[in-house]
Amino acid sequence: MLGRRLIPTLLGLALVLGLAALRVADPYPLQVLRELAFDSYQRILPRSGPAGPVRVVDIDEASLAKLGQWPWPRDRMALLTERLMQLGAAAIAFDVLFPEPDRLSPKVIGQSLPGVDVSKLADNDELFAAALKQSPSVLGFSSAPSAPKLEGNAKGGFAISGSDPKGSIALLKGAVTPLPLLREAAPGLGSLSLNDEESSSVVRRVPLIWTNGNSIFPGLSIEALRLALGLGAIVVLGDTADAGTVEGLRLGDFTVPTTDHGDLWVYYRPPDPSLYVSAAKILGDDWQSAAPQIGGQIALIGTSASGLLDVHATALGDNVPGVSIHAQVIDQIVSGQFIIRADWLSGLELLVFVIAGLLLVVVVLRLGPVAGLALAVVLIGGMAAASWVAFQSRGLLADPTFPVIGALLVYGTMVYAQFSITERDRRQVRRAFGYYVAPELLGVIERNAGKLELGGELRELSVMFADMRGFTSFTEKHTPQDTLATLNTLFGALGKQIVDRLGTIDKFIGDAIMAFWNAPVDVPQHARKAALSAIAMRETLEALNARKAFGDPGIAVGVGIATGVALVGNMGLETRFDYSTIGDPVNVASRVEGESKVVGFDIVAAEATALAAADLAWLEAGSVQLKGKAARLKIFILLGDEAFARKPEFAALREAHANLLEALRHGEGGEALALCRKLGPDLLPGLARFYELVPGRIEDFLSA
């Protein structure tokens, strides 16, 4: 039993610990599941509220159709910058790279023409640089590992509060930067990259700060916000535990919570077309009409044109231009609506899973799959609900996927383990009892298979031994094959009568059958059922002999029955045992069966059995002396069932038999014995031999 409970318990514990270790390792598939869950939360409850002070000046398809293909000449970019400044833009940020000189600049074109004095030609880059210098503008650089390392410092300063977090910030291995002329002219410089990897996957987190190993650089969005707020520096909030990680940023009155690496979890607002202004409008004749849209706003210049390939997926499932995501970051910071994936959440999720997993292991193994299912539903529902409430009320990103999926795996595994154990027990029960007990008893035993363990219990049993008479001489006259066939036929026929009356066949011992009643499950009136089985066995044997199933002269069987308290249970090894019984009733039944030869009758029972089934047709048969017992045991022969006991002929024989017993006690019995010899064989032929042996057994009757 210990192994039966210990092995699945250890399996459950190992599974919970193994899944916990998997969560600590956090492989990519777990990350994907977690982030898909977070995406679904945003889709159900996206960021809302009034739009922040940000507009996207979109180099859209209409602009390209009107003004020509990209890239545009830099004098046009200068005009766009000047007009945005005149319209009152609080800051102007370009989500566009300008890494090379303008190939459409007159000075560049003139260099390829003979006889042209290029010194008198306009330089578009100088025009653009002049416009940038006069405006609160931000240019961008892009992370590119194969490009040269980004040198210098950020345009604005960085102050660090707490431990130095440079080791945790996204590292710029290389960067594509603006033309030096333009970079020096612009008051701001920020990263255009939306992640620290070369990936086109869903943008969920955006690095707000970067480092080249020495200096810290801002992302485009917070650099634009810095200029709009008129700030000279951004404060990086390092952790206070000296772990070298980032806790957040501070820009004036705005505090921005970040990941350890300085990334912002983007809480998306559904796309709003009203926040977009076509670049063609700003560059058109009616450009001043855009003042209500641009005045006081942070203007981000980017492109939504499909041919320019600046399209990214968001947590809401939309595909938007990169500039739109920068705008979302600024809008989110200004609105103060953040979603946070705090470090302690991972530890809490792991603890919750371990507790839930261990509870499921205990409940499934102790109380069963139904109770386990109820607990699993409560746990899974509770964990999913708690995760949603944390997001809805606090903006906390608590992972529901791993605890839920882990709990389901633990529940499913433990149910399967329990099923396997039950099925193994069922097979073991069927092996042990399938041929030896009635189907209705087998069902009860299977439902209580867990109680089949080494050891046993004291129960009142009725035990039967049935032995073939003259087996030795039979084997001498028949081949081993014929002997085996005869025994199989005999045992099959007699065993059916035992099983049909709820008896349990313990074993076949050579030419004998041992069976008992009232174990492993309760059998009401077990003594009576044992006696009736013996009568049915007699009738079955008579029918087989009548059909010459065993040839001439047929086969005789002696039956002994005893009732009493015995030890019954599984005996053997932990991995291989038999259900059997030992104790006084077993010894008595065996001795009584042997006594049937002396008595001269086929069914003999101890007194306790006869008293427990008193309505059957019994006759006292004297007593026997059992080895190790001081008192002799009174025995009875069984003539028939309750219908037989009601026959007038049996009543007459019973009275004559009682008179015989009384006469024997007074040293007489001749007339009474004669009467019994006359009545007995007419009622049951087997009584002839019984009464024939009475004179030689007078002491047995007198000692009863």
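**Note on cavities and aromatic contacts**

1. Searching the whole structure turns up four cavities of 30 Å³ or more. A cavity here is a set of points on a 1 Å grid over the protein atoms alone where a 1.4 Å probe fits but cannot get out. Volume is the space filled by probe spheres set on the points, which are joined across faces, edges and corners.

2. This is a predicted model: local features need pLDDT of at least 70, side-chain atom pairs need 80 or more, and totals for chains, interfaces and linings use all residues. Side-chain values use heavy atoms, without hydrogens and water, and residues are numbered from 1 along each chain as its sequence is written.

3. The largest cavity has a volume of about 140 Å³. It is lined by 13 residues, with D272, L275, S324, A327 and Q328 closest to its centre; lining means an atom within 4 Å of a point. Helix α11 gives the largest share, four residues.

4. The structure holds 15 aromatic pairs (Phe, Tyr or six-membered Trp rings with centres within 6.5 Å; stacked under 30 degrees between planes, edge-to-face over 60, the rest tilted). F491 and F508 are stacked, at 4.8 Å centre to centre and 25 degrees. F491 is buried at 10% relative accessible area, while F508 is partly exposed at 35% (buried is under 20%, exposed over 50%, partly exposed in between, with a 1.4 Å probe and protein chains only).

5. Ring pairs also join Y41, Y267, W388 and F391 into a cluster.

6. R205 lies over the face of W265, 4.6 Å from the ring centre (cut-offs: NZ of Lys or CZ of Arg within 6 Å of the centre and within 35 degrees of the ring normal).

Conventions. On a 1 Å grid over the protein atoms alone, a cavity is a set of points where a 1.4 Å probe fits but cannot get out, and a pocket is an open set with protein on both sides within 12 Å along at least five of seven lines; lining residues have an atom within 4 Å of a point. Helices (H or I, at least four residues) and strands (E, at least two) are DSSP runs, numbered from the N terminus.
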